[in-house]
Amino acid sequence: MNAKLPVRQVDALVIGSGPAGLSAAIYLSRANLNTVVLSGMDLGGQVSITYMVENYPGFPDGISGEGLVEAFRTQAEKFGAEIVFDVAVEVDFSRRPFVVKTYGEEIHARTVIVATGATARKLDVPGEEAFTGRGVSYCATCDGHFFQGMDVVVVGGGDSAVEEALFLTRYASSVTIIHRRDQLRASALLQERARANDKIAFIWNTVVTEILGDEAVHSLRLKNVQTGEESLLETKGVFIFIGHTPNTALFQGQLEMDERGYLVVDARMHTSVPGVFAAGEAADPHFRQVITSAGMGAAAAMEAGHYLENER
Ligand code: NAP
């Protein structure tokens, strides 16, 4: 660890500022624990770029993702949590207190809650990286308005793909969902809404094998996985929603994780290292909801509190 960085001691360090991290911070700071939250690259995580959250209790008319994050943050700060706009770059969970190095400081924490979330998965095809931001997007809320009156494509068949396709119909003149099977994974309600929407069409049993363009995307090379037939589809916008990868690379070799990189936690959010807890999508491949992440954050914080009491 770099000795030149200023060192500070805290009771609890939360790594990540999505619903899990901020909920943990509310519980920790309200229990009078000196709590620091590392925001990560984006305060609020994935939900902060969600246009509307309709299924978080307490908001019968829905609330914007940004608004919900702001409310979480205000509540955490009200109880004394300090939100630091920095990221964890190195951790050492073999020492006590735990040591977490950021760009700006070295934090010594008696307990740590890992709430680093997950990141949109990439298709991994030629052209995807080159045209990201120039027709390739992973966020309909952020980029949808650039495609006013255009024909766009959504790749994927889960809740995200269908929900975002529905959102894109506000701007685009048509939205074609390309799915690798002939059945959507999305919930029945979303499927029903998509099928009832005149602007949405489907291409089944098909994958995107290449994204083509010059200055920006102009077409996609497609392959039917049953017949092997290849085709070109003209579009200026392709939105990719094919799942997520947990942001846990930093903890490789320090915390137990499954074969996909999700942190292994028990029913009380304990990781493989006593005193280190995990919450939210970094440890949840299944539910991935704001409310489940927030619940995991609260549970992790309560367990962290018990851990510190027992330590005394
Ligand atoms: P997901 O449920 O894992 O779905 C990913 C989709 O992408 C699947 O249809 C999958 O196809 C497809 N896919 C995966 N890799 C692919 C590849 N390389 N090429 C082409 N297609 C690929 O992910 P998600 O939609 O992001 O949802 C994740 C979780 O969040 C789910 O539990 C979901 O219920 C939840 N969620 C809920 C809401 C809501 O409640 N409103 C909204 C968004 C997300 P296969 O179907 O063939 O596997």
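Trainee: How many aromatic pairs does a search of the whole structure find?
Mentor: This is a predicted model. A search of the whole structure gives an aromatic pair count of eight.

Trainee: What is the angle between the planes of Phe93 and Phe251?
Mentor: A pair of aromatic rings is described by the distance of the centres and the angle of the planes. For Phe93 and Phe251 the centres are 6.1 Å apart. Planes under 30 degrees apart count as stacked, and this pair is stacked, with an angle of 5°.

Trainee: How many residues apart in sequence are the parts that the pair of Phe93 and Phe251 ties together?
Mentor: Phe93 is in the loop between strand S4 (88-92) and strand S5 (98-102). Phe251 is in the loop between strand S16 (244-246) and strand S17 (276-278), so the pair ties together parts whose separation in sequence is 158 residues.

Trainee: Is Phe251 buried or exposed?
Mentor: Buried means under 20% relative accessible area. Phe251 has 0% relative accessibility, so Phe251 counts as buried.

Trainee: Which geometry does the aromatic pair of Phe147 and Phe239 have, stacked or edge-to-face?
Mentor: The ring centres of Phe147 and Phe239 are 5.4 Å apart, with 75° between the planes. An angle over 60 degrees meets the cut-off, and the pair is edge-to-face.

Trainee: Where in the chain is Phe239, the partner of Phe147?
Mentor: Both Phe147 and Phe239 are buried. The pair links distant parts of the chain, 92 residues apart. Phe147 lies in the loop between helix H3 (140-143) and strand S9 (151-155), while Phe239 lies in strand S15 (residues 237-240).

Trainee: Which ring has the charged end of Arg195 over it?
Mentor: Lys122 lies over the face of Tyr138, 4.8 Å from the ring centre. The charged end of Arg195 is 5.6 Å from the centre of the ring it sits over, that of Phe202.

Trainee: Which helix gives the most to the lining of the second largest pocket?
Mentor: The second largest pocket holds about 180 Å³ of space. Helix H1 (19-30), helix H2 (65-78) and helix H6 (290-311) each supply at least two lining residues. With four residues, the helix that gives the most is H2.

Methods. Residues numbered from 1 in each chain as written. Predicted model: local features only at pLDDT ≥ 70, side-chain atom pairs only at ≥ 80, totals over all residues. Heavy atoms only, no water. 1 Å grid on protein atoms, 1.4 Å probe; cavity = no way out; pocket = protein on both sides within 12 Å on 5 of 7 lines; lining within 4 Å. Points joined across faces, edges and corners; volume = space filled by probe spheres on them. Phe/Tyr/Trp six-rings, centres within 6.5 Å; stacked < 30°, edge-to-face > 60°. Buried < 20%, exposed > 50% of the residue type's maximum accessible area, 1.4 Å probe, protein only. Lys NZ or Arg CZ within 6 Å of the ring centre and 35° of its normal.
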